[in-house]
Amino acid sequence: MRDTDEMGLTPEAAQGYEDFFLPAIFAQWPPQILNASGLKAGDNLLEVGCGTGVLARQATTIVQPDGQVTGLDLSESMLSVARRKCPGAIFQQGNVMDLPFETGSFDVVIASFMLMFVPDQPLAIKEMWRVLKPGGRLVVAVWESLGKNPAYTRLVEIADRQIDQAAGASLAWPFALGEDGKFADVFNAADVATPTIDAHKGRARFASIEQFVETEIQSWVLAESVNDSSLAAVQTEAEEQLIEFCDADGALDIPLNALIAVAEKHR
Ligand SMILES: C[S@@+](CC[C@H](N)C(=O)[O-])C[C@H]1O[C@@H](n2cnc3c(N)ncnc32)[C@H](O)[C@@H]1O
């Protein structure tokens, strides 16, 4: 059994997230999310599910020297990368469903591409709302549905066929809140605020189809359950099915669109 943490992640998986997922997918999103949050100099920011701290790195340059960025994550493996990469922020292990902070502590609370992994999503929203100051802003980003992200639909179908339905479901899971009205339903169930929810366009870029499959399947939680022969079968089918998304150099450049919800807490 490998040395996994509360999220089932090894230190190697967290480093893989930093080295491969960030440049391919996540590093482009902090400017759009921070812009939606209205974060400014002197603010006290909490980012829940901060991962390796890609957003925290940019946020510290906005809030400092008078403000503070706090990143919280369930995964110690992710947090140890974040502490190395972003010494200007505070990083703390914890669960978004039971935040270890006083009521009304933060000017801005951000949850970037993490809510889909949380078992009780309305409780997570309630907790984030609780720790916001009056006048503060909650910003939550999730992926749009698989229907809006066609290359990922193909990858899910290939994983269903070549590994098993659990693998396909695991790859589809991050897109679940983008399905019809589900994101708004979580806020309704939390019963704290009605957010504005806007669609935002993004891209995912990988050097090759092989790197896409490696990153999506081998660098993340699926890695432990996929053997070499099923991975090879996924690679072979993906080379056929995803070729239309490649440019002349064989690089994969695919749409990866998101929804960003913003809610303001009245004074
Ligand atoms: C896809 S990553 C996103 C990381 C980061 N926000 C980014 O944009 O790169 C999702 C993160 O949420 C964290 N996470 C999942 N469930 C959580 C929970 N219940 N409480 C706190 N963090 C959680 C995971 O450990 C992981 O680091």
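F113 is buried, having 20 other C-beta atoms within 10 Å (buried means 20 or more other C-beta atoms within 10 Å of the residue's own, exposed 12 or fewer, and partly exposed in between, with C-beta atoms placed from the backbone). The structure is a predicted model, in which local features need pLDDT of at least 70 and side-chain atom pairs count only at pLDDT 80 or more, while totals for chains, interfaces and linings use all residues. Residues are numbered from 1 along each chain as its sequence is written.

The backbone at F113 also deserves a look: this residue has a positive phi of about 55° although it is not a glycine. F113 sits in the loop that links β4 (106–112) to α5 (121–131); helices (H or I, at least four residues) and strands (E, at least two) are DSSP runs, numbered from the N terminus. D191, likewise not a glycine, has a positive phi of about 55°, and its loop lies between α8 (182–190) and β6 (196–200). D191, however, is exposed, with 11 other C-beta atoms within 10 Å. Within helix α8 itself is D185, which is partly exposed, with 14 other C-beta atoms within 10 Å. The C-alpha atoms of D185 and Q121 are separated by 10.0 Å, although these residues are 64 apart along the chain. A further backbone feature is the cis peptide bond from Q64 to P65, with omega near 15°; P65 belongs to the loop between α3 and β2.

Beyond its neighbours within four places in sequence, M128 is in contact with V48, V96, V109, A111 and L138, contact being scored when C-beta atoms, placed from the backbone, lie within 7 Å. In helix α4 (residues 76–85), the buried residues are S77, M78, L79, V81 and A82. Their cover includes α1 (11–24), α3 (54–63), β2 (68–73) and β3 (90–93).

Two helix pairs round out the picture. Two packed helices are described by the angle between their axes and the distance between the axes. Here axes are lines fitted to C-alpha atoms, for helices over the stretch in contact, and angles run from 0 to 180 degrees between N-to-C directions. Helix α2 (residues 30–37) packs against α3 at an angle of about 50°, with the axes 10 Å apart. The two are therefore oblique to each other (angles under 35 degrees count as roughly parallel, over 145 as roughly antiparallel, 65 to 115 as roughly perpendicular and the rest as oblique). On the α2 side P30, I33 and L34 take part, meeting V54, L55, Q58, A59 and I62 of α3.

For helix α6 (residues 150–162) and helix α7 (residues 165–172), the axes come within 6 Å and cross at roughly 160°, so α6 and α7 are roughly antiparallel to each other. L155, V156, A159 and D160 of α6 make the contact with Q165, A167, G168, L171 and A172 of α7.

Terms used. Two residues are in contact if their C-beta atoms, placed from the backbone, lie within 7 Å.
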